[in-house]
Amino acid sequence: HAQVRELCTNYGKLDLLWFDFSYDGHCGEDWRAGELVEMVRTLQPGILLNSRLEASGGSLGSLLSGAPTPEQILPPAPLCRPDGTPVCWEACQTMNNSFGYTAADRCFKTARTCIRQLVECVSKGGNYLLNVGPDARGNIPPQSRRILCEIGEWMRLNADSIYGCGASAIPVAAFGCRATARGKNLYLHVMEQPVGPLALTGLSPAAIRSARVLATGAEADILTSGWAVQNYPQTAFLSLAAQANETLPLPDETDTVLHLTVSET
């Protein structure tokens, strides 16, 4: 309690205070958690707190139910309270299998995996916390630098589909895709090569005002003719190919982002 008071008193305005896990058999009021939270809120009224004063990773307490704490996993659905109200959540992930620096752990994820984890989190209304562990000399390991540089290059071209975005209010679904949204801007993250045009269930052709590849601005055709359109008139079909019946070429095999401007209807 004294250490937390020092942190909340001596270092100006704090945006976030992140408590780590409780030990086995101890959580919540074993730490006088209610008193501690009241002190923090009094000293830092605008601060954001995580839930681990109440519960460790093995127990969600009263804050959430029906889903695990998203650490080293990606939750199968957006996290909500028992009444269905969405909550702010964050998935804590590592670049290999270890938090911090572990010299013997060489099992690094690819940048492609990390980018897809990021998109998965945002598409479910969450945030992605990626751990980076410097060594004893303060150096970021070469493997981590390469991964971060590749993620940074993808973000340079596709940041609009991540920052300020969340889950799509439109229940759109497509093969190998995830959707993120901000206002009337809908972003389709195409991660798998579709067969022929990309079918967007849950979105009618009339609802799409424009469709472009976010990274390049290249236009994606909204198909208005062909057997697929005739058989499924309520489904929007997009294509980047020269011919509607050709396979959609993905400019970015990791995640080709399509920016769709949609109408309110």
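Helix H1 (residues 2-10) and helix H2 (residues 33-43) pack against each other in this predicted model: their axes come within 9 Å and cross at roughly 10°. With a crossing angle under 35 degrees, H1 therefore counts as roughly parallel to H2. On the H1 side, the contact is built from Val-4, Arg-5, Cys-8 and Thr-9, while H2 brings in Leu-36, Met-39, Val-40 and Leu-43. By type, that set splits into six nonpolar residues, one polar and one charged.

Turning to H2 itself, Ala-33, Leu-36, Met-39 and Val-40 are buried. Looking down the H2 axis, these buried residues stay within an arc of 125°, so they line one face of the helix. Glu-38 and Thr-42 sit on the other side of H2, and both are exposed. As for what lies over the buried residues of H2, the cover includes H1 along with two strands, S1 (16-17) and S2 (48-49). Three of the buried residues, Leu-36, Met-39 and Val-40, also turn up in the contact with H1.

Zooming out to the whole protein chain, there are five helices and twelve strands. Of its 265 residues, 39% are buried. Among contacts with a separation of 6 or more, 60% link residues 24 or more positions apart.

Notes
Residues are numbered from 1 along each chain as its sequence is written. This is a predicted model: local features need pLDDT of at least 70, side-chain atom pairs count only at pLDDT 80 or more; totals for chains, interfaces and linings use all residues. Side-chain values use heavy atoms; hydrogens and water are left out. Helices (H or I, at least four residues) and strands (E, at least two) are DSSP runs, numbered from the N terminus. Buried means under 20% relative accessible area, exposed over 50%, partly exposed in between (1.4 Å probe, protein chains only). Contact means heavy atoms within 4.5 Å. Axes are lines fitted to C-alpha atoms, for helices over the stretch in contact, and angles run from 0 to 180 degrees between N-to-C directions. Angles under 35 degrees count as roughly parallel, over 145 as roughly antiparallel, 65 to 115 as roughly perpendicular and the rest as oblique. Ala, Val, Leu, Ile, Met, Phe, Trp, Tyr, Cys and Pro count as nonpolar, Asp, Glu, Lys and Arg as charged, and the others, Gly among them, as polar. The arc is that of the directions from the helix axis to the C-beta atoms.
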